[in-house]
Amino acid sequence: MACDWRSAAILVQVSEGMLGLFCNWLSSVRHTLQIRNDIFVALHGSNLEPVRQSLAALGIAREHVLEGNASVHARTMGNFGGGSFYALNTAKITYALDLLERKNRPIIFSDIDVVWLRDPLAHLARALDRQAAFAIGPDANDKLLRTSEGASQALTQRHHVCACFFAACPSAAWLLRDWRSAASPAVGAGGAAAGAVNEQKA
């Protein structure tokens, strides 16, 4: 049975330092592209009450605001490429799995610095195989890194998981569980390099 991508839930991550970026992303998705799918926001940070209030003012339903382990949420996105950065990237796997299992709906995860030029839902319905469990959106940085003089070989071979699409099916849930298991041990144990490898090991 084909996945109904039109019913997909959209998952993003936001901290107190990312509200401006989220407002821009939300305006583009809601007003420019006219996408009305449910948006779930995973919160991160140590001062979350102002963020909750801002999300409510933006029309994000309280039941769509996700909060989890405090030790994960105390981390920030500021340390790009470091242990805390990969801890948050691992957290998004857990959120996506939880939503898929609780809501039994396709899940679209997007970083809020990913620009949506067109509605991806119709494209997913056309482009993905009827039995496809997941897809990973390409990152323009891949091409830039491959053509930049002096770019390291290890970096150019890495996937950049900024947008992920998971169908509402058991194999997608299995993939997310396996990915989470592969990623979680690296965070805090082997530093940024181990986090980078394990976060994308699956």
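Guide: F22, W25 and W116 form one aromatic cluster. This is a predicted model, in which local features need pLDDT of at least 70 and side-chain atom pairs count only at pLDDT 80 or more, while totals for chains, interfaces and linings use all residues. Residues are numbered from 1 along each chain as its sequence is written, and side-chain values use heavy atoms, leaving out hydrogens and water.

Visitor: How many aromatic pairs does a search of the whole structure find?

Guide: Rings of Phe, Tyr and Trp (its six-membered ring) pair if their centres lie within 6.5 Å; planes under 30 degrees apart are stacked, over 60 edge-to-face, the rest tilted. The search finds three. One of them is stacked, because the rings of F22 and W25 have centres 6.0 Å apart and planes at 25°. The rings of W25 and W116, with centres 5.6 Å apart and planes at 85°, are therefore edge-to-face.

Visitor: Where do W25 and W116 lie in the chain?

Guide: Helices (H or I, at least four residues) and strands (E, at least two) are DSSP runs, numbered from the N terminus. W25 is in helix 1 and W116 in the loop between strand 4 (107-110) and helix 5 (120-127), 91 residues apart.

Visitor: Is R30 buried or exposed?

Guide: Buried means under 20% relative accessible area, exposed over 50%, partly exposed in between (1.4 Å probe, protein chains only). R30, in helix 1, is buried. Both W25 and W116 are buried too.

Conventions:
Lys, Arg positive; Asp, Glu negative; His and termini not counted. Salt bridge = Lys/Arg side-chain N within 4 Å of Asp/Glu carboxyl O.
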